[in-house]
Amino acid sequence: MSQPASHLWPGVPLALGSAILFGASAPVSKLLVGAMDPWLLAGVLYLGAGLGLGLVHFARAASGLGRREAPLRRADLPWLVAVIVFGGVLGPLLLVFGLSLTSAASGSLLLNLEGLMTMGIAWLVFRENVDRRLLLGAAAILAGAVVLSWQGRDASFDIGGLLIAGACLAWGIDNNLTRKLSSADPIQIATIKGLAAGATNLALALLLGAQLPAARILVAGGLAGFLGIGVSLVMFMLALRHLGTARTGAYFSLAPFIGALISLMVFQEALTVQFAVAGVLMAVGLWLHLAERHEHEHIHELLEHEHAHVHDAHHQHAHDGPATEPHSHRHRHGELRHAHPHYPDLHHRHRHR
């Protein structure tokens, strides 16, 4: 969407908020994984996200607030199916089988490939703009994640490692394809994804012999999934509108450090040199991204699309009668040439030399 007085708002806070919620779910999952099968836990987390957001969706529709967002259209369905398959089914499946065939040390390190896959696909396949500062920032954040997950033992790349790398590739594809849906209602999309992925993983876990835990454990898992996966995904999708995939993925890569920081406080774990080094690397990467100021004269080609918006420099169309803001409807953008700080958002996906 368009850039307000500060080009960092609201995309960067949304991306960081998504990382905080997802990172916070890690120590909660650490507590729950001892009470239920890991695969079953994945199903409960996703179902919690889908059911919780479903309640939000219906409550919002009853209040009339749902009209502020663009609904899913028939043209969105192929992208939605692909997102569910890659992110909600294929990724968790490959991860579960991969973890069963490799060491915990290898698995922890290889999971950092998701951020690399997300950014690499965005830059190389979808041609999002990137400069040296962004590359250095992303490298620092990923290096911090690697340092944080290093367990002091040799990591091997075996069949299990290959499956985990495949899971990270599936999630990287999922993150990039989700950008295709970022103009539509994120709560509606995250609800469908959570219900579909949760039902699939739960059914597979039960078929393989997993036993349901006590009701209070299920409720705790559902709440963790609602916040750590559901609300986090909604914020991630909103960030995609404003920042593009590569930058949102870079900020989201801070999630492991946030989870480790919360574990440090909750479980009273000792502060290690490894944690401090990871924190410094991630802080440097975060600063490099926050200090970005991409500004040049650019042309907006003729464009017609639908998304939630307010009337600003990029939205100057007329309405029949008064209109509350924000609102959503199909609208047309005429050709426009101007210069201002911007990210590769819904209105700035132009090519660069």
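**Exercise 1. The chain overall**

What share of the 353 residues in the protein chain is buried?

Solution. Begin with the ground rules. This is a predicted model: local features need pLDDT of at least 70, side-chain atom pairs count only at pLDDT 80 or more, and totals for chains, interfaces and linings use all residues. Numbering starts from 1 along each chain as its sequence is written, and side-chain values use heavy atoms, with hydrogens and water left out.

Step 1. Buried means under 20% relative accessible area, exposed over 50%, and partly exposed in between (1.4 Å probe, protein chains only).

Step 2. Read off the share. Buried residues account for 51% of the 353.

Step 3. Count the elements. The protein chain has 12 helices and 4 strands. Helices (H or I, at least four residues) and strands (E, at least two) are DSSP runs, numbered from the N terminus.

Step 4. Check the contacts, meaning heavy atoms within 4.5 Å. Of those with a separation of 6 or more, 86% join residues 24 or more positions apart.

**Exercise 2. Helix 6 against helix 12**

Find the packing geometry of helix 6 and helix 12.

Solution. Step 1. Helix 6 spans residues 132–149 and helix 12 spans residues 273–290. Their axes lie 7 Å apart, at an angle of about 160°. Axes are lines fitted to C-alpha atoms, for helices over the stretch in contact; angles run from 0 to 180 degrees between N-to-C directions.

Step 1. Classify the angle. Helix 6 is therefore roughly antiparallel to helix 12. The classes are: under 35 degrees roughly parallel, over 145 roughly antiparallel, 65 to 115 roughly perpendicular, the rest oblique.

Step 2. Helix 6 passes helix 12 in a left-handed crossing. Left-handed means that the near helix is turned anticlockwise from the far one by less than a right angle; right-handed means clockwise.

Step 3. Sort the residues of this contact: 17 nonpolar, 6 polar and 1 charged. Ala, Val, Leu, Ile, Met, Phe, Trp, Tyr, Cys and Pro count as nonpolar, Asp, Glu, Lys and Arg as charged, and the others, Gly among them, as polar.

**Exercise 3. Helix 1 against helix 10**

Which residues make the contact of helix 1 with helix 10?

Solution. Step 1. The axes of helix 1 (residues 11–32) and helix 10 (residues 245–252) come within 8 Å and cross at roughly 40°. That angle makes helix 1 oblique to helix 10.

Step 1. The crossing of helix 1 and helix 10 is right-handed.

Step 2. Helix 1 contributes V12, A15, L16, S18, A19 and F22, and helix 10 contributes T248, Y251 and F252. By class, this contact of helix 1 with helix 10 has 7 nonpolar, 2 polar and no charged residues.

**Exercise 4. Two single residues**

Is C168 buried or exposed? Where is R127 found?

Solution. Step 1. C168 sits in helix 7 (residues 159–178). C168 is buried, at a relative accessible area of 0%.

Step 1. List its partners. Leaving out residues up to four places away in sequence, C168 touches L110, L111, L113, E114 and M117.

Step 2. Turn to R127. R127 is in the loop between helix 5 (113–124) and helix 6. R127 is exposed, with a relative accessible area of 52%. R127 is not a glycine, yet its phi is positive, about 60°.
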